[in-house]
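The following note sets out points for a colleague who has the model open.

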Amino acid sequence: MNIIVAVGSNWGIGYKNDLIYNIPADKKYFRETTAGKVVVMGRKTFISLPNSQPLKNRTNIVLSRDENFCSDGITICRNSDMLFDTLKKYKTEDIFIIGGAEIYREMLPHCSTAYITKIDDSRPADKLFPNIDELNEWVLADISEDNEYEGLKFRFCTYIRSAKDDTEK
């Protein structure tokens, strides 16, 4: 599986239930990278999508313990076991974890590739992504040239898990 996320230099990804950064090139990168793929997210992330609608041209899977939560056009999994059982239908390289923070932490050990937009800025954040640079099993495999948007410098980074362990499913 894969993870895709944009982080500030403090590894911040969200503040007060909203994304910290809104960079058109990052949104384009996300759309192009996940088009035609499976996206896995938590309920709060799904609700934060425009009009709380599934992302187009993708299979949308939402992990939620809330028994009252339902929505058209998505698959809902109530726990991790149900999620992993559902994901068996898809190629692992086609699965992208897209948030939020709790889902990222839970799924990171099961991923082999991480697509991280690193933004050279550290705005306040109450939701963080694990600092993958401090995790020995992850290696920076590719990094784009510097980009800039409204004074924010950023790069697209690809990390790969160097030492697979038996937690990957």
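1. Strand S11 gives the most to the lining of the second largest pocket, with 3 residues. The model is a predicted one, and this pocket holds about 180 Å³ of space. Its lining consists of Val7, Gly8, Ser9, Trp11, Lys118, Ile119, Asp120, Asp133, Asp146, Lys153, Phe154 and Arg155. Sorted by class, the lining has 6 charged, 4 nonpolar and 2 polar residues.

2. The largest pocket contains about 1500 Å³ of space. Its lining is made up of 48 residues, and Leu19, Thr45, Ser48, Ile98 and Gly99 lie nearest its centre. Two or more residues of that lining come from each of strand S1 (2-7), strand S2 (12-14), helix H1 (24-34), helix H2 (43-48) and helix H4 (101-107). Helix H4 gives the most, with 6 residues. The class count for this lining is 19 nonpolar, 16 charged and 13 polar residues.

3. The largest nonpolar core has 29 residues, and Leu87, Ile97, Ile116 and Phe129 are those with the most contacts inside it. At least two residues of this core are supplied by each of S1, strand S3 (38-42), strand S4 (59-63), helix H3 (80-87), strand S6 (95-97), H4, S7 and S11. H4 accounts for the largest share of the core, 4 residues. H4 also gives the most residues to the lining of the largest pocket.

4. Which residues does isoleucine 116 contact, once its neighbours within four places in sequence are left aside? They are Val5, Val7, Trp11, Phe129, Ile132, Arg155, Phe156, Cys157 and Tyr159. Among these partners, Val7, Trp11 and Arg155 also line the second largest pocket. A second, separate core has 21 residues, including Met41, Phe46, Phe69 and Phe156.

5. Valine 40 may be examined in strand S3. Its relative accessibility is 0%, so valine 40 counts as buried, the cut-off being under 20%. With neighbours within four places in sequence set aside, valine 40 is in contact with Ile61, Leu83, Leu87, Ile95, Phe96, Ile97, Ile98 and Gly99. Two of these partners, Leu87 and Ile97, are listed with the most contacts inside the largest nonpolar core. Ile98 and Gly99 are among the residues nearest the centre of the largest pocket. Between valine 40 and arginine 105 there are 65 residues in sequence and 13 Å in space, C-alpha to C-alpha.

6. A search of the whole structure gives 6 aromatic pairs. One of interest is formed by phenylalanine 46 and phenylalanine 69: the ring centres are 5.9 Å apart and the planes stand at 75°, so the pair is edge-to-face. The cut-off for that class is over 60 degrees. Phenylalanine 46 belongs to helix H2 and phenylalanine 69 to the loop between S4 and strand S5 (75-77), so the pair ties together parts that are 23 residues apart in sequence. Phenylalanine 46 and phenylalanine 69 are both buried. Elsewhere, Trp11, Tyr104 and Phe129 form one aromatic cluster.

7. Most residues other than glycine have a negative phi, and most peptide bonds are trans. Glycine 99 and glycine 100, however, are joined by a cis peptide bond, with omega about 0°. Glycine 100 is placed in the loop between S6 and H4, and Gly99 is one of the residues nearest the centre of the largest pocket.

8. Are they buried or exposed? Lysine 16, in the loop between S2 and H1, has a relative accessible area of 61% and is therefore exposed, the cut-off being over 50%. Glutamate 150, in the loop between strand S10 (147-149) and S11, has a relative accessible area of 69% and so is exposed by that cut-off.

Note on methods:
Residues numbered from 1 in each chain as written. Predicted model: local features only at pLDDT ≥ 70, side-chain atom pairs only at ≥ 80, totals over all residues. Heavy atoms only, no water. 1 Å grid on protein atoms, 1.4 Å probe; cavity = no way out; pocket = protein on both sides within 12 Å on 5 of 7 lines; lining within 4 Å. Points joined across faces, edges and corners; volume = space filled by probe spheres on them. Nonpolar A, V, L, I, M, F, W, Y, C, P; charged D, E, K, R; others polar. Core = buried A, V, L, I, M, F, W, Y, C linked by side-chain atoms within 4.5 Å. Buried < 20%, exposed > 50% of the residue type's maximum accessible area, 1.4 Å probe, protein only. Contact = heavy atoms within 4.5 Å. Phe/Tyr/Trp six-rings, centres within 6.5 Å; stacked < 30°, edge-to-face > 60°.
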